[in-house]
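This report covers strand pairing, pockets and some individual residues. The sequence and the model come first.

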Amino acid sequence: GDFSARVRHQRRDQLGELADSFNLMAASVERLIEESKERQRLENELEIARQVQHELFPRYTPQLSTLELVGVCQPARVVSGDYYDYALLAPGKLVLAIGDISGKGISAALLMATIQAALRSQLYAARTRGQTSSLSTAQLVARLNHQLCETTSMEKYASLFCAFYDEAERKLTYTNAGHLPPVVLRPDGLQQLDVGGPVVGLFSDAPYAEASVRLEPGNLFTAF
């Protein structure tokens, strides 16, 4: 079982060639064992990263009388740059976000965690200052974009859709920062939600706009 052992010889016949072959085989097996250990270590770290990322997704679904909310993420790899979040900003007022981070794997997952932390910290600050009623999605996305531009490299960016839902008015106010347009399916057709601006993390002074739609009973809102 000791694959570091080598056959020492000075022969130049077939037994010498056999000894050389054995030494090459032992070195290959020794290298494969080390690679297997390293791969196992990386897999263990990825599993830890997967568990940490799973904890970042919403742990509970806010209950609203006019909106049934469902969210799910199925990463193609152990960890991913897929992001969604939702929470109650105030009674009857919901904030939701969905995004897609550039790249794959650990680096994308780290940026996903950064975006979630930045978004939630802004919402927490607005709530503690009593400014939730005046906070707009365009303002929120613009601040997030500026923060990402200052703290990440140019090749790191994300598409992002951020929205506020007011239960009393059944109104969804949103900003779409380069994300695939969510849709509202109504009996009379389909409405794409594409008002906003470019992806976040590339242009620090990029302008963002917002728009509002009314969700009627029976409408289906889908972000993906």
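## Strands β1, β2 and β3

Strands β2 (93-101) and β3 (158-166) run antiparallel and are joined by 9 bridges. Strands here are DSSP runs of E with at least two residues, helices are runs of H or I with at least four residues, and both are numbered from the N terminus. Two strands are said to pair if DSSP finds at least two bridges between them.

Of the 9 residues of β2, 7 are buried, so the strand is largely enclosed by the rest of the structure. Buried means under 20% relative accessible area, exposed means over 50%, and partly exposed lies in between, with a 1.4 Å probe and protein chains only.

## Basis of the values

The model is predicted: local features need pLDDT of at least 70 and side-chain atom pairs count only at pLDDT 80 or more, whereas totals for chains, interfaces and linings use all residues. Residues are numbered from 1 along each chain as its sequence is written, and side-chain values use heavy atoms, with hydrogens and water left out.

β5 (residues 183-186) and β6 (residues 189-192) run antiparallel, joined by 4 bridges. A hairpin through 2 residues connects β5 to β6. The bridge partner of R186 is G189 in β6.

β5 also pairs with β9 (residues 220-222), in the antiparallel sense and over 3 bridges. In this pairing L220 of β9 stands opposite L185.

## The loop between β4 and β5

Both H179 and P182 are found in the loop between β4 and β5. H179 is buried, with a relative accessible area of 8%. Its side chain reaches the backbone oxygen of F224 at 2.7 Å. A polar contact is a pair of N or O atoms within 3.5 Å; within protein, one must be able to donate a hydrogen and the other to accept it, and residues adjacent in sequence count only if both atoms are side-chain atoms. Not counting residues up to four places away in sequence, H179 touches I98, G99, D100, S159, L160, F161 and F224. Contact means heavy atoms within 4.5 Å.

P182 counts as buried, at 0% relative accessibility. Leaving aside neighbours within four places in sequence, P182 is in contact with residues including F161, N176, Q191, F221 and F224. T222 is among the contacts of P182 too; the two residues are 40 apart in sequence, with their C-alpha atoms 5.6 Å apart in space.

The largest pocket has a volume of about 740 Å³. Of its 34 lining residues, L69, V70, F221, T222 and A223 are the closest to the centre. By class, the lining has 19 nonpolar, 9 polar and 6 charged residues. Here Ala, Val, Leu, Ile, Met, Phe, Trp, Tyr, Cys and Pro count as nonpolar, Asp, Glu, Lys and Arg as charged, and the others, Gly among them, as polar. On a 1 Å grid over the protein atoms alone, a pocket is an open set of points where a 1.4 Å probe fits, with protein on both sides within 12 Å along at least five of seven lines; lining residues have an atom within 4 Å of a point. Grid points are joined across faces, edges and corners, and a volume is the space filled by probe spheres set on the points.

The second largest pocket holds about 260 Å³ of space. It is lined by 15 residues, and K93, S133, L135, F164 and D166 lie nearest its centre. β2, β3 and β4 (171-177) each give two or more residues to the lining, and β3 gives the most, with 3 residues. The lining divides into 5 nonpolar, 5 polar and 5 charged residues.

## A26 in helix α1

A26 is in helix α1 (residues 14-56). A26 is buried, with a relative accessible area of 2%. Leaving aside neighbours within four places in sequence, A26 is in contact with F3, A5 and R6. A26 and R6 are 20 residues apart along the chain, and their C-alpha atoms are separated by 7.5 Å.
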